[in-house]
Every structure is written in C-alpha cells, then in structure tokens.
Amino acid sequence: MMTETWILIFGLAAATFAVRLSGYLLGQRLPDHGPWARGLQALPGCLILSLVTYLLMQGGPQEWAAGTVALAVALATRSLPLTMAAGIAAICLLRAYF
C-alpha cells in the first residue's frame, strides 16, 4: 500500500514536470510573426468569448444583465481584469437580490 502511494506521487510529479517542460519547449518553437502568430495571440480571447457565450446562452435574464454590465465595462475600460471583476460582481449581486 505504501509503495503504491509513493509510485503514484512520483508518477504524478513526473507527469506534471513533463507537461510544464513540454509547454516551455513548445513555446520556444512558436512563430513570433505571421498569420500563425496572430492566430495564437487571439486564441485566449476567442476561448474566453466562446465560454462566456455558451454560459449566456444557457443563462437567464440575470446572466444576460451581468453580461451587459461586463460588456459595458469592457468597452469603457478595455481591461480584462476589471471586466471579469464587474461581471462576477454583477452576477453575484443579481443572484443575491433578485
């Protein structure tokens, strides 16, 4: 039992190290300019947008109102942390009081 636990711990540690090292090595080989670089730079925003859109489609009026607040903050500030904080605060307030 004890040996299996240590094997599991070392296996997970090795897997974690391999994933992080592969990300670092792969990141060095990505292009700095060109269409692939532009696509990869836009990828995080596209992923967040797709997740938010999916959640808004499943949500109701409270989620849509919070999305509207987040969109207004995004347009006014162009700051991702402020947008996320405004959206989270809006949905928490709307769910707590309505």
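Predicted model: local features only at pLDDT ≥ 70, side-chain atom pairs only at ≥ 80, totals over all residues.
Residues are numbered from 1 along each chain as its sequence is written, and side-chain values use heavy atoms, with hydrogens and water left out.

**The leucine patch**

- Helix H2 (residues 35-58) gives the nonpolar patch its largest share, 3 residues.
- Leu26 sits in helix H1 (residues 2-29), and Leu26 counts as exposed because its relative accessible area is 54%.
- Here, buried means under 20% relative accessible area, exposed means over 50%, and partly exposed is in between (1.4 Å probe, protein chains only).
- Helices (H or I, at least four residues) are DSSP runs, numbered from the N terminus.

- Side chains of opposite charge can pair when their charged atoms come close.
- Searching the whole structure turns up 1 salt bridge, a term for a side-chain nitrogen of Lys or Arg within 4 Å of a carboxyl oxygen of Asp or Glu.
- Its partners are the side chains of Glu63 and Arg95, with 2.8 Å from N to O.
- This pair links distant parts of the chain, with Glu63 in helix H3 (residues 61-77) and Arg95 in helix H4 (residues 80-97), 32 residues apart.
- Glu63 is buried, because its relative accessibility is 18%, whereas Arg95 is exposed at 52%.

**The largest pocket**

- The largest pocket holds about 830 Å³ of space.
- It has 24 lining residues, and the closest to its centre are Ile48, Val52, Gly67, Ala70 and Thr83.
- H2, H3 and H4 each contribute at least two residues to this lining, and H2 provides the largest share, 8 residues.
- A pocket is found on a 1 Å grid over the protein atoms alone, as an open set of points where a 1.4 Å probe fits, with protein on both sides within 12 Å along at least five of seven lines; lining residues have an atom within 4 Å of a point.
- Grid points are joined across faces, edges and corners, and the volume is the space filled by probe spheres set on the points.
- Thr83 belongs to helix H4 and is buried, because its relative accessible area is 14%.
- From Thr83 to Pro31 the C-alpha atoms are 30 Å apart in space, and the two residues are 52 apart in sequence.

**Cysteines**

- A disulfide is a covalent bond between the sulfur atoms of two cysteines.
- The rule asks for a pair of cysteine sulfur atoms within 2.5 Å, and the count comes to 0 disulfides.
- Cys46 is partly exposed, because its relative accessibility is 45%, and Cys92 is partly exposed at 48%.

- Arg78 lies in the loop between H3 and H4, where its phi is near 55°, a positive value in a residue other than glycine.
- Arg78 is exposed, with 73% relative accessibility.
- Tyr54, in helix H2, is partly exposed at 48% relative accessibility.
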